[in-house]
Amino acid sequence: MSGDVTVPAVDEPIPAGLASPTWGGFDPRRARGQDLRDHWQGFRTAAVLGWQTEGNWTDPVLFFIYSVAKPLSAALILVVMLDIISGGADPAYLAFVVVGTALWAIVLAGITGLAWSVLDDRERYRMLKYVYVSPSDFLVLLLGRGVARLAVGAMGGLITIAVGILWLGVPFDPAVIDWPLLMAVAVLGLGALVAIAVLLAAICLQTRQESWSYPEALAGALFLVSGVVFPLSVLPGPVQALGLLTPLTWWIEGVRHAVFPGGPSSIGGPGSFWTATTGTQAPDPATILLALLATGALVTLAATGVFRVSERRAKDRGLLDQTTGS
Amino acid sequence: MSVYEFRHTASPQEAADWTPRQQLLTDLRSVGGRAYPRVTGLFREKSWVAFEILLPFLATSAFVFVYRALQAPPEYIGFVVLGGAMTAFWLNVIWMMASQLWWEKSQGNLELYFAAPMSIMSVLFGMAFGGMVMSSTRAVVVLAIASVAFGVQFAIEQWALLLAVFFLTLAALYGLGMMLASLFLMWGREAFHLTQLFMEPVYFVSGLNFPVGRLGLIGALALATIPLAVGLDAMRQLAFVGAEFPIGTPPPAVEALILVVMTVVFLFAARFMLRTLERMARKEGRLSVRWQ
């Protein structure tokens with residue numbers, strides 16, 4: 001036996017399924033994989049699996065009700081609070097609250113999606129080790145699983161905004177929307193959100209027991225400092241500064257600025273750290289974009305690094321198939 | 001002589017024919033046994049304490065800051081803090097009572113419960129007792145920290161009624177949890193999603209952060225069906241005497257009676273549902289099938 005490996009012509013396609021190549025023998029490309037097509041296939045399969053896991057427990061109508069009830073109720077709590085205190089909600093602040101709550105539904109779904117994918121597969125279905133040893137990239141598969149929950153969250157967020165406009169009196173005029181800014185902050189913001197979700201998934205690979213509540217704990221902490229439903233100016237100065245370091249603050253501010261130009265700012269205003277340090281009432285669109293890009297890039301770099309370290313450590317210590325009974 | 005001591009019997013039937021004393025002692029041991037991991041877990045798994053306190057405190061703080069941004073009267077901050085403390089019990093009821101039998105099924109313990117020589121009600125009582133102790137620590141800490149941090153001023157005139165309402169609220173809440181445990185088990189995977197539906201939507205209709213009377217008919221329905229709504233409203237009336245409330249909710253004494261009725265109804269319903277479930281478990285054998 002010579003031990004030589006026959007390498008197929010570069011342009012010869014890899015056969016589908018488990019079939020042998022037409023020329024016989026072993027095609028090393030199959031074991032290598034990891035090209036763009038493989039990533040896409042893995043991502044798509046994981047996304048479909050995630051969607052089915054999320055949605056196949058009931059009929060579509062009930063699934064829709066369950067998906068929108070949570071964000072809608074969260075918005076209604078704040079609307080009633082606003083109404084009780086200000087006696088007929090101020091439309092500008094109403095828009096502030098509804099947009100913040102709707103976007104937060106997406107944040108919560110995004111953060112929870114990836115972390116719970118790890119926990120579901122490890123603790124409940126006990127499939128994580130099999131998923132990990134499959135030829136697809138682990139991170140790509142996780143992202144695919146997380147996308148389904150993110151989509152459910154986005155649906156809830158959009159319905160919340162629609163209800164706000166149609167029934168709660170949120171002033172909305174498509175003609176005044178700054179579409180380029182909205183598109184840019186949407187893309188950058190979602191990227192940053194996915195990075196935060198990856199970071200948390202990396203942490204959940206290492207942890208045990210109460211990991212199920214980590215996404216809500218992290219989201220709760222970020223909720224406080226991101227200007228979601230109240231302006232940062234009511235917080236102490238150092239906490240406001242901390243809030244300016246998270247991309248979610250800039251994402252939410254950017255969306256508000258694009259959809260409701262001239263509305264209240266969550267970052268600037270009287271008594272805010274921003275106004276005290278820059279002398280301006282609120283950040284302009286260019287500043288918002290730049291800040292979102294910078295904070296998003298930092299989080300993405302950190303998430304990638306932490307995930308790779310976590311993955312290596314999980315392999316080293318056998319954490320991928322360790323269930324903790326949580 | 002211990003009731004568990006071995007005794008010779010003529011037949012297995014005679015061995016299984018326990019005296020009322022044996023049954024009672026076994027059930028009490030079961031209550032203690034099921035409460036034990038929840039109480040002991042408080043001290044063994046310290047990260048639980050952090051997350052059990054951190055989560056509701058963060059959520060409470062956010063709503064306090066909303067009221068501050070709106071320059072609301074100070075008693076509204078108190079309403080939020082009291083609501084935040086009571087969420088500890090609600091979350092415990094939903095996640096660790098209502099969903100618990102379903103979790104046990106997923107982990108393969110449920111069939112052991114049904115096979116053990118005890119009343120399943122004692123398992124539920126044990127879960128409830130352990131959960132109350134666990135959540136009380138969390139509620140007290142959240143109430144204490146938030147009250148100090150946000151300067152909440154309580155104005156209490158009827159301490160006895162306030163304490164009575166608090167304990168009745170717990171009894172009704174955990175009675176509801178015991179009833180839901182059977183329902184959630186039957187609903188299977190849907191139950192997990194139902195827990196999500198039992199959070200923000202219930203917080204909204206129960207007036208967790210504002211007086212429930214403001215919701216009109218929805219608030220009245222919540223007062224008639226959800227222990228959290230009626231208990232919280234009564235406690236707010238008793239803990240913030242003189243505060244301006246939207247009119248329309250009953251006085252605390254009437255709400256205490258509503259809680260008594262809820263407790264009795266929920267406990268009887270829980271017992272009935274458990275018996276039905278036990279019969280189904282024996283007849284259909286579906287309750288040992290995991291992840292459904």
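A residue is termed buried if 20 or more other C-beta atoms lie within 10 Å of its own, exposed if 12 or fewer do, and partly exposed in between, with C-beta atoms placed from the backbone. The structure is a predicted model, in which local features need pLDDT of at least 70 and side-chain atom pairs count only at pLDDT 80 or more, while totals for chains, interfaces and linings use all residues. Residues are numbered from 1 along each chain as its sequence is written, and chains are lettered from A and ligands numbered from 1 in the order in which they are written.

Chain B contains 13 helices and 0 strands, where helices (H or I, at least four residues) and strands (E, at least two) are DSSP runs numbered from the N terminus. The radius of gyration of chain B, taken over C-alpha atoms, is 21 Å, close to the 19 Å given by the globule rule for 292 residues, so chain B is as compact as a globular protein of that length. The globule rule is 2.2 Å times the number of residues to the power 0.38. Along the principal axes, the C-alpha atoms of chain B fill a box of roughly 75 × 40 × 40 Å. Of the 292 residues in chain B, 45% are buried.

Gly242(B) lies in the loop between α12 (227-239) and α13 (252-284) of chain B. Gly242(B) counts as exposed because it has 8 C-beta neighbours inside 10 Å. The C-alpha atom of Gly242(B) is 7.8 Å from that of Ala155(B), although 87 residues separate the two along the chain.

The contact between the chains involves 33 residues from chain B and 33 residues from chain A, two residues being in contact if their C-beta atoms, placed from the backbone, lie within 7 Å. On the side of chain B that touches chain A, α3 (46-69), α5 (100-107), α9 (189-197) and α10 (200-205) each supply at least two residues. The most comes from α3(B), with 14 residues. This side has 20 nonpolar, 7 polar and 6 charged residues; Ala, Val, Leu, Ile, Met, Phe, Trp, Tyr, Cys and Pro count as nonpolar, Asp, Glu, Lys and Arg as charged, and the others, Gly among them, as polar.

Chain A is divided into domain 1 (33-172) and domain 2 (174-212 + 222-315), with bounds from an automatic or database domain assignment. In chain A, 24 residues of domain 1 are in contact with 24 residues of domain 2. On the domain 1 side, α4(A) provides the largest share, 18 residues.
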